[in-house]
Amino acid sequence: DDVTLILPFDEVIAALGRAGERSLGLQTIRLDSIVGTVDSTRDFDRHFRPTSGRTRERWERLALAQRRGESIPPIDVYRVGDLHFVVDGHHRVSIAIATGQKTIDAYVTEILTAVPARGISRRGDLLFKDYERLFRSRVRLPDSAYAKITVADPWSYAELSETVEAWGFRLMQHEHKFYDRAEVSRRWFADEFTPVVRMLHAADLVGSG
């Protein structure tokens, strides 16, 4: 049932890990890319329909002002990947959607994250991202390598982290040298992960990719 709930910005960023931000200025964005809010009151559902009488009253006043031709200022949003979260302008978004608009003007601030935001469509996806973020903090690889690692269960990220760390410990014992996380991760991906995946592909035990 969380498909109908608006995505809370704070929970999304907690799962992805905040790495910085930058202002992108005034842009025209698609309304269907707006999926969440910074506001914790939850006066709107996932489709930005009012959820209370108090919200509906203000909605009606703004809608009337818009029909009269009054100027409607741009909204303010945070951008996370391809998703947008409303900072200010919830009613304006709701009215724009209700009247069939496809785009809206917005002042955009991009939030940079440790883990990409792709694949998030509901709150249940955030648990997966949280485990992925922890995995990336323990297993240091370039983005091209992370793209080749997929799991079906979020707990598998924790298990894989432990596997890599144990592999690295055995490597250091064998070579009598200390390696940091980045070097252990690089060696594991090159010497263990890639050859095993190659053999699985050759034996038709996994799909092509």
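Predicted model: local features only at pLDDT ≥ 70, side-chain atom pairs only at ≥ 80, totals over all residues.

Visitor: Why does His84 count as buried?

Guide: Residues are numbered from 1 along each chain as its sequence is written, and side-chain values use heavy atoms, with hydrogens and water left out. Now, buried means under 20% relative accessible area, exposed means over 50%, and partly exposed is what lies in between, computed with a 1.4 Å probe and protein chains only. His84 has a relative accessibility of 5%, which is under 20%, so His84 counts as buried.

Visitor: Where does His84 lie, and which residues is His84 in contact with?

Guide: His84 belongs to strand 5, residues 83-88, where a strand is a DSSP run of E with at least two residues, a helix is a run of H or I with at least four, and both are numbered from the N terminus. Contact means heavy atoms within 4.5 Å, and, leaving aside neighbours within four places in sequence, the partners of His84 include Ile29, Val35, Val77 and Tyr78.

Visitor: What makes helix 3 mostly covered?

Guide: Seven of the nine residues of helix 3, which runs over residues 90-98, are buried, and among them are His90, Arg92 and Ile95. Helix 3 is followed by Gly100, whose phi is positive, near 85 degrees.

Visitor: How do you know that the side chains of Asp191 and Arg187 meet in a salt bridge?

Guide: A salt bridge asks for a side-chain nitrogen of Lys or Arg within 4 Å of a carboxyl oxygen of Asp or Glu. For Asp191 and Arg187 the distance from N to O is 3.0 Å, which is within 4 Å, so the pair qualifies. Both residues lie in helix 7 (residues 181-202), four residues apart, about one turn of the helix. Arg187 is buried at 15% relative accessibility, whereas Asp191 is partly exposed at 41%. By this rule the count comes to 14 salt bridges.

Visitor: What makes Arg136 and Asp143 a salt bridge, and is Asp143 buried or exposed?

Guide: The closest N and O atoms of Arg136 and Asp143 are 3.6 Å apart, so this pair also meets the 4 Å limit. Asp143, at 58% relative accessibility, counts as exposed, while Arg136, at 11%, counts as buried. Side chains of opposite charge can pair when their charged atoms come close.

Visitor: Where is Lys129 found, and which backbone oxygen atoms does the side chain of Lys129 reach?

Guide: Lys129 is found in helix 4, residues 125-138, and with 8% relative accessibility it counts as buried. Its side chain reaches the backbone oxygen of Pro116 at 3.0 Å and that of Arg118 at 2.7 Å.

Visitor: How do you know that there is a kink in helix 7?

Guide: The bend at a residue is the angle between axes fitted to the seven residues ending there and the seven starting there, and in helix 7 there is a kink of about 40 degrees, centred on Phe189. The buried residues of helix 7, including Val184, Trp188 and Phe193, pack against helix 4, helix 5 (143-146) and helix 6 (155-175).

Visitor: Which residues touch the most other members of the largest nonpolar core?

Guide: A nonpolar core is a set of buried Ala, Val, Leu, Ile, Met, Phe, Trp, Tyr and Cys residues joined through side-chain atoms within 4.5 Å. The largest has 17 residues, of which Phe135, Leu141, Ile149, Trp188 and Phe189 touch the most other members. Helix 5, helix 6 and helix 7 each give two or more residues to this core, and helix 6 gives the most, with six. Apart from this core lies another, of 15 residues, among them Val12, Ile111, Val115 and Ala117. In soluble globular proteins, nonpolar side chains tend to be buried together.

Key: Polar contact = N/O pair within 3.5 Å; in protein donor to acceptor, adjacent residues only side chain to side chain.
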